[in-house]
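Reader: Could you walk me through this one before I set anything up? I'd like to begin with a single residue and then widen the view.

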Amino acid sequence: MYTCESISHLLATCKTLASFKQIQAYAYKSNIHSDPFVAGKFILHCAVAISDAFHHALRLFLDVPAPDVFMCNAIIRGLSESETPQNSISMYSKLRREVGFRPDSFTFAFLLKGVANYRCLRDGVQLHCQAVKHGLDGHLFVGTTTVSMYGECMCAGYARKVFDEMFGPNVVAWNALVTACFRSNDLMALEAVFGEMPFKNVTSCNVMLAGYMKAGETESATDLFSEMDVKDAVSWSSMVGGFAHNGCFTEAFGVFRGSVRSGIGANEVSLTGVLSACAQAGAFEFGRIVHGLVEKSGLNWIITVNNALIDTYARCGNVGMSRLVFDSMPDKSSVVSWTSMITGLAMHGCGKEALQLFHQMESHGVKPDGVTFVSILYACSHGGFIEQGSTYFSNMIEIYGVEPSVEHYGCMVDLYGRSGQLEKAFDFVTKMPFSPTDIIWRILLGACSIHGNVKLAEHVKGSLALVDPDNSGDGVLLSNIYATAGKWRDAAGVRRSMENQQIKKDPGWSTIEIDKVLYSFVAGDKRDKITEKAHEKLDEIMLRVRVEGGYMPEVASVLHDIQEEEKEDAVTRHSEKLALAFGLARSREGRTIRIMKNLRVCRDCHSVMKLVSKLYRVQIVLRDRSRFHTFDSGFCSCRDYW
């Protein structure tokens, strides 16, 4: 014979609707299903504890002739925590209207949490007024969720006013206020509240860590982290993700190692954070170590971690490993997984494979989204598939119902511009349904640079000056176009104008990972022990490619009006060549050399990389600003189309 207590124990282990229905059947058999305690527990469990079972909870609720406040709150809570939290408001209104429901403090706490989830300030203010009207605003639980709601709605000032009216706020209420300041991106207010707190716990410190990292205050975050007596998984993950977000990759790797040594272990957040750092830095070897840890910890079932691994391997220059991770995934229902793999293939010049995978994705019943189409159009652009790209752009709207964004239009401009159809690209820009953004004009300016169209470049630069006048890259690009065309006076004029406006050019740099250590090279920097070795090896390389490979410097890549000998010296000292030389000097024979560069690779460096891959029998993977180049046996994966 089942009792109310035994039913409660059974529900504690119930995870599926099928097992719940078995428990429900036992309750009917024991004739205790109509007991308000059991009925309320059933409704709450289906509404909150079992995914995709809210419909059953609602059916149970409607079968109760006079639902009590607990049952009503269970339904409201289930809706507030669902994917459509706004429905909790309409349900509350319906219950008030149809069954005379009298709300309590839990009602408003659940409703306010729902509003916080969909961030509607208007609804939040109305609920706050309702709580005041019913005399429940002074309840600690209601006050805390009201503070959180205003925080999620980016109104830290309102959150502070509510907090100041609370009687005896506890640490949870203080943390809600700290979080409200963080959500509102108000670092000064966050620091002030954190300093006021009469008691802090690890949650308080974690919010402060996140605030510092979000604001780029990595030193302040490091100091606070060092002072913390207790650090949980969130603390370590915040530091790893924060360093990665701020481009401090070495620090991110160090903290991740520390978290593993501390016994905290890896979790979903820390793994995705450190893999993001690996992807951005091109740290292939460290990425492999993290992958091994994922396998060892049995976390390879987590979709987000697998997606991060796919992205990391692709961005570190090994799309083959990305494909292995993708193919071994037990669950391929996520559109992010397919899109990550398609993007990886596109970046590596595997356009046909990317399009084939897109069709496989469709056959698996996974619906593409806007990001997927950005990747597909990117693949078409970099593969030279003009007709296919135009077709995908049309199908995106007509068949899939995906509204094109500025990224999609940018891909189409790049598709036409990269192929040399500059007039068609310009015509496409003028016919867009919105005013061209700086991104759109900049893509077209880049195409003008590739194909040396000075007249159109001048027109595009004029349009760019109206929407983004302070971008250094635009002036540099126009100056380079003039220089390539031999218009040195015009090139000098652009650079003089940039100097007068104090607009500085971003220097070109390249990085390479050797034995899990990242080395950075910038052309023209002062020499040290590391760069001296690179220069010595580079001298040997350049001599060999001249004698054995027939190399002739492409001095058109030097965009200054100087003597030919000076041009030759300048072009041979580009940062990617220094990184390559250092890699050849330090890497073991047979190892792939992976280089990351922040700018577009020039034609001279591209030619040298092809020759070196042939003469030294080495594979070179170079990631520039927009894609990967894999050099092997004198050929490049881009087929000289980049």
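Author: Let us start with Arg 573, which is buried because its relative accessible area is 18%, under the 20% limit used for that label. Please keep in mind throughout that this is a predicted model.

Reader: OK, and where does Arg 573 lie?

Author: Arg 573 belongs to the loop that runs between helix 32 (564–571) and helix 33 (575–586).

Reader: Which residues does Arg 573 touch, leaving out those up to four places away in sequence?

Author: With those left out, the residues in contact with Arg 573 are Ala 523, His 535, Leu 538, Asp 539 and Leu 578. For Leu 538, the separation in sequence is 35 residues, while the C-alpha atoms of Arg 573 and Leu 538 are 8.3 Å apart in space.

Reader: Let's zoom out. How many helices and strands are in the protein chain?

Author: The protein chain has 34 helices and six strands. Its C-alpha atoms fill a box of roughly 95 × 55 × 55 Å along the principal axes, and 50% of the 642 residues count as buried.

Reader: And what about the surface and the charges?

Author: The accessible surface of the protein chain is about 30,900 Å², and carbon and sulfur atoms account for 53% of that area. As for charge, there are 66 positive and 70 negative side chains, with the centres of the two sets lying 3 Å apart.

Reader: What share of the contacts between residues at least 6 apart in sequence join residues at least 24 apart?

Author: In the protein chain, that share is 61%.

Reader: Now the strands: in what order do they form the sheet?

Author: The six strands form an open sheet in the order 2-1-3-4-5-6, and the pairing is mixed. Strand 2 (517–522) and strand 6 (635–636) stand at the edges with a single partner strand each, so one side of each has no neighbour in the sheet.

Reader: What holds paired strands together in general?

Author: Strands of a sheet pair through backbone hydrogen bonds, in either a parallel or an antiparallel sense.

Reader: Take strand 1, then. How many bridges join strand 1 to strand 2?

Author: Six bridges join strand 1 to strand 2, and the two run antiparallel; within this pair, Ser 510 stands opposite Phe 521 in strand 2. The two strands form a hairpin with two residues between them, and Asp 515 in the turn has a positive phi of about 50°. Strand 1 (residues 509–514) also pairs with strand 3 (residues 593–597), in the antiparallel sense over three bridges, where the bridge partner of Thr 511 is Met 596.

Reader: And strand 5, is it covered or open?

Author: Strand 5 (residues 628–632) is mostly covered, since four of its five residues are buried. Four bridges join strand 4 (residues 620–623) to strand 5 in an antiparallel run, with Leu 622 opposite His 629, and a hairpin of four residues connects strand 4 to strand 5. Strand 5 and strand 6 pair in the antiparallel sense over two bridges, with Cys 636 in strand 6 as the bridge partner of Phe 631. That pair also forms a hairpin, with two residues between the strands, and Ser 633 in its turn has a positive phi of about 55°.

Reader: I'd check backbone angles anyway. Where is Met 154 found, and what is its phi?

Author: Met 154 is found in the loop between helix 9 (140–152) and helix 10 (156–164), and its phi is near 60°, a positive value in a residue other than glycine. Met 154 counts as partly exposed because its relative accessibility is 48%. Asp 640, in the segment after strand 6, has a positive phi of about 60° although it is not a glycine, and at 43% relative accessibility Asp 640 counts as partly exposed.

Reader: Last one: is Asn 73 buried or exposed?

Author: Asn 73, which is found in helix 5 (residues 69–80), is buried, with a relative accessible area of 5%. Not counting residues up to four places away in sequence, Asn 73 touches Phe 101, Asp 104, Phe 106, Thr 107 and Phe 110.

Definitions and conventions:
Residues are numbered from 1 along each chain as its sequence is written. This is a predicted model: local features need pLDDT of at least 70, side-chain atom pairs count only at pLDDT 80 or more; totals for chains, interfaces and linings use all residues. Side-chain values use heavy atoms; hydrogens and water are left out. Buried means under 20% relative accessible area, exposed over 50%, partly exposed in between (1.4 Å probe, protein chains only). Contact means heavy atoms within 4.5 Å. Accessible areas come from the Shrake-Rupley method with a 1.4 Å probe; for residues, only the protein chains shown count as cover. Lys and Arg count as positive and Asp and Glu as negative; His and the chain ends are not counted. The place of a charge is taken as NZ of Lys, CZ of Arg, CG of Asp or CD of Glu. Two strands pair if DSSP finds at least two bridges between them.
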